[in-house]
Amino acid sequence: MSLKDLPHDQFTELAERTRQQYQELKARNLNLDLTRGKPSSEQLDFSNALLSLPGEGDYKDKTGADVRNYGNLQGIADIRELWAEALGIDPANLIAGDSSSLNIMFDLISFAYIWGTNDSPRPWKDEETVKWLCPVPGYDRHFAITERFGFEMIRVPMTPDGPDMDVVEELVKDPQVKGMWTVPVFGNPTGITFAPEVAEKLAAMEVAAPDFRIVWDNAYAMHTLTDDQVENLNVLALADKHGNPNRFWYMSSTSKITHAGSGVAFFASSKANLEWYMSYASIRGIGPNKENQLAHARLLGSVQGLHALMQRHAKSLAPKFEAVIGILHDRLGEYGVAEWTEPKGGYFISMDVTDGSATRVWELAKEAGITLTKAGASFPHGVDETDTNIRLAPSLPPLDEVRTAMDGVATCVLLACVEAAEANEG
């Protein structure tokens with residue numbers, strides 16, 4: 001029976017019990033953090049061999065080039081070929097960079113803003129306005145980039161199969177719409193994976209802006225929580241097939257696979273887009289950290305080695321996700337006060353609570369020593385008009401802390417919704 005349908009005496013009993021549980025929660029003086037999708041120490045330990053790789057005397061890539069020296073902006077073939085095989089794309093369309101794909105995304109937007117893309121009639125800074133499509137809920141760091149450049153961010157609803165393509169196809173008729181953010185596999189924060197037909201439509205759709213770009217941020221391409229690997233669609237080939245070869249800026253990285261602070265980031269796109277990018281990146285820097293790239297190639301060894309490593313991650317992460325979902329079902333399921341995603345991979349669970357209650361849940365949790373990502377963070381400008389969405393990130397804490405934190409979060413959700421129901425009744 002949902003909260004709103006409870007008889008008055010049962011509602012009163014639930015309200016009193018929840019308030020008592022919350023006071024007991026506060027008395028525990030917890031200090032728990034479910035804010036960001038960081039790998040745990042256990043996960044980082046899986047790749048500690050990196051700290052001694054490639055090893056003294058091992059400094060030449062497969063072409064015989066000395067990785068200790070300057071040069072090779074495209075990155076070494078050893079890691080590019082391995083990663084291209086894992087993604088199912090041509091290594092000729094892939095650049096290996098330094099540790100952060102977010103840096104490359106910022107560069108791409110910066111270069112387009114200052115000089116325009118290779119398809120732009122003018123630099124984006126000279127446009128009257130630049131509009132950008134933002135599927136919501138989405139990745140807060142994506143939104144922070146386009147917000148910093150002053151772009152008008154247009155929200156696109158997410159469906160279980162990806163962004164609502166009826167909305168997208170209508171919006172791209174505007175020539176001021178220059179791009180779109182996406183996280184196509186195990187998305188942040190919903191955990192959904194785009195359906196093949198959605199990817200096909202994105203590759204094929206007619207757009208008004210000749211320099212329209214889709215940032216295909218495949219950050220969680222390998223991050224399954226099960227024994228199954230997800231097929232990564234070759235959107236570069238799809239776009240080329242439909243006569244839009246320059247449409248996708250395809251991002252990937254090892255950041256949550258090896259060591260988050262010292263991974264390898266990848267940028268894949270058409271040859272024309274890569275040449276455009278490197279014409280500016282070659283001025284910005286002489287080349288990436290090729291020693292680190294060689295270390296990663298040695299650590300992973302092959303795509304099979306990569307998948308074996310990801311199975312270790314899955315065994316570490318899956319119990320935490322199961323704990324979160326189990327507690328939400330057990331504590332909240334019967335009351336109809338929240339809905340949540342049950343992803344098969346990635347790093348996040350997206351939870352929607354009763355309209356107008358998410359900020360209150362965040363406040364109650366903070367007062368009880370449980371830090372959550374701020375309500376609304378998964379929306380442009382941090383504003384969720386309905387105040388419903390909260391992103392949960394269970395990866396970093398140990399399993400027992402995840403259980404403790406989520407039991408506390410469930411109490412906070414119930415209390416916030418009880419308060420909202422009492423206010424409406426009053």
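How many nonpolar, polar and charged residues are in the lining of the second largest pocket? By class, that lining has 9 nonpolar, 5 polar and 3 charged residues. The model is predicted.

**The second largest pocket**

The volume here is about 340 Å³. The lining counts 17 residues. L3, K4, F11, C417 and A421 lie nearest the centre. Two helices each supply at least two lining residues: α1 (8–27) and α13 (399–425). Helix α13 gives the most, with 5 residues.

**The largest pocket**

The largest pocket holds about 540 Å³ of space. Its lining has 23 residues. Nearest the centre of the largest pocket lie G37, Y139, R141, S255 and K256. By class, the lining splits into 9 nonpolar, 8 polar and 6 charged residues. Which helix gives the most to this lining? Helix α4 (residues 101–115) does, with 3 residues.

| Pocket | Volume | Lining | Top helix |
|---|---|---|---|
| Largest pocket | about 540 Å³ | 23 residues | α4, 3 residues |
| Second largest pocket | about 340 Å³ | 17 residues | α13, 5 residues |

**A three-stranded sheet**

Now the strands. An open sheet is formed by 3 strands, in the order β10-β11-β13. The pairing is antiparallel. Why is one side of β10 (338–340) and of β13 (389–392) left without a neighbour in the sheet? Both strands stand at the edges and each has a single partner strand, so one side of each has no neighbour there. On average, neighbouring strands of this sheet are turned by 25° against each other, direction ignored.

Strand β11 (residues 349–353) pairs with β13 over 4 bridges, in the antiparallel sense. Within this part of the sheet, I349 stands opposite L392 in β13.

**An annotated span**

One record entry concerns residues 8–35. UniProt lists them as "coiled-coil region", in an unreviewed entry. How much of that span is helix, and how much is strand? In the model, residues 8–35 are 71% helix and 11% strand. The end C-alpha atoms of the span lie 36 Å apart.

Key:
Residues numbered from 1 in each chain as written. Predicted model: local features only at pLDDT ≥ 70, side-chain atom pairs only at ≥ 80, totals over all residues. Heavy atoms only, no water. 1 Å grid on protein atoms, 1.4 Å probe; cavity = no way out; pocket = protein on both sides within 12 Å on 5 of 7 lines; lining within 4 Å. Points joined across faces, edges and corners; volume = space filled by probe spheres on them. Nonpolar A, V, L, I, M, F, W, Y, C, P; charged D, E, K, R; others polar. Pairing = 2+ DSSP bridges. Axes fitted to C-alpha atoms, helices over the stretch in contact; angles between N-to-C directions. UniProt positions renumbered as here; feature names shortened; annotations may be inferred.
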